[in-house]
Amino acid sequence: IFRMIIDTEPIKFSYNNKNWLITFWKGQYGIVTGAEIGIYCTTQKKVDKKTIYLPANDREMLNMELVLYRKGEVITKVRAKHWWLAVFKLGMFSRPKDLSMDINIIFPNQEMLQAFLKSFKKLGYKDKHFTIIDNTFCFKYSINKLCSCHLKH
């Protein structure tokens with residue numbers, strides 16, 4: 001039996017008459033170690049646990065970069081304009097707590113970036129946990145704060 005043991009951080013926000021979901025994942029995906037960033041949205045006005053978000057369309061895709069580390073050493077990295085960025089290392093076993101990922105997301109404008117940041121901060125993150133360069137959000141996702149006692153950088 002293959003098991004998935006994954007940390008995840010979903011960030012939900014509203015922008016441009018849509019509800020958005022940007023999610024970070026890292027962990028053990030069966031027989032591979034991996035990480036992902038997904039960008040989804042819905043035109044549904046009121047969202048709840050039953051809401052189905054669809055992948056961002058071609059015009060909504062964002063430039064992203066992901067570098068995956070295991071115990072501080074780079075495993076793999078990827079950069080692309082897409083709605084889903086993923087990296088996997090076949091045959092490697094990792095506990096989610098041993099993984100971290102550098103995330104860079106370039107938003108098309110300050111309005112979307114600020115809408116994202118407002119929701120991101122509501123999850124408990126502070127200004128010291130991320131960096132903003134122009135319209136780029138830079139963040140090291142190391143320990144899922146929802147499952148841990150503190151953030152670790």
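In which strand does Ser100 lie? The views below, drawn from a predicted model, begin with this residue.

View 1. Ser100 belongs to strand S8, which covers residues 99–106. Its relative accessibility is 13%, so Ser100 counts as buried, the limit for that class being under 20%. Apart from neighbours within four places in sequence, the residues in contact with Ser100 are Lys26, Val67, Leu68, Tyr69, Lys140, Tyr141 and Ser142.

**View 2. The largest nonpolar core.** This core has 34 residues. Within it, the most contacts are made by Ile22, Phe24, Ile37, Ile105, Phe116 and Phe137. Two or more residues are given to this core by each of several elements, namely strands S1 (4–15), S2 (18–29), S3 (32–42), S5 (62–70), S7 (84–90), S8 and S10 (136–141), together with helix H1 (110–122). Helix H1 supplies the largest share, six residues.

**View 3. Thr131 in strand S9.** Strand S9 consists of residues 130–133 and includes Thr131. Is Thr131 buried, partly exposed or exposed? Thr131 counts as partly exposed because its relative accessibility is 42%, a value that falls between the limits of 20% and 50%. When neighbours within four places in sequence are left aside, Thr131 is in contact with Thr136, Phe137 and Cys138. Asn104 is 27 residues from Thr131 along the chain, and the C-alpha atoms of these two residues are separated by 9.5 Å.

Methods: Residues numbered from 1 in each chain as written. Predicted model: local features only at pLDDT ≥ 70, side-chain atom pairs only at ≥ 80, totals over all residues. Heavy atoms only, no water. Helix = DSSP H or I, 4+ residues; strand = E, 2+ residues; numbered from the N terminus. Buried < 20%, exposed > 50% of the residue type's maximum accessible area, 1.4 Å probe, protein only. Contact = heavy atoms within 4.5 Å. Core = buried A, V, L, I, M, F, W, Y, C linked by side-chain atoms within 4.5 Å.
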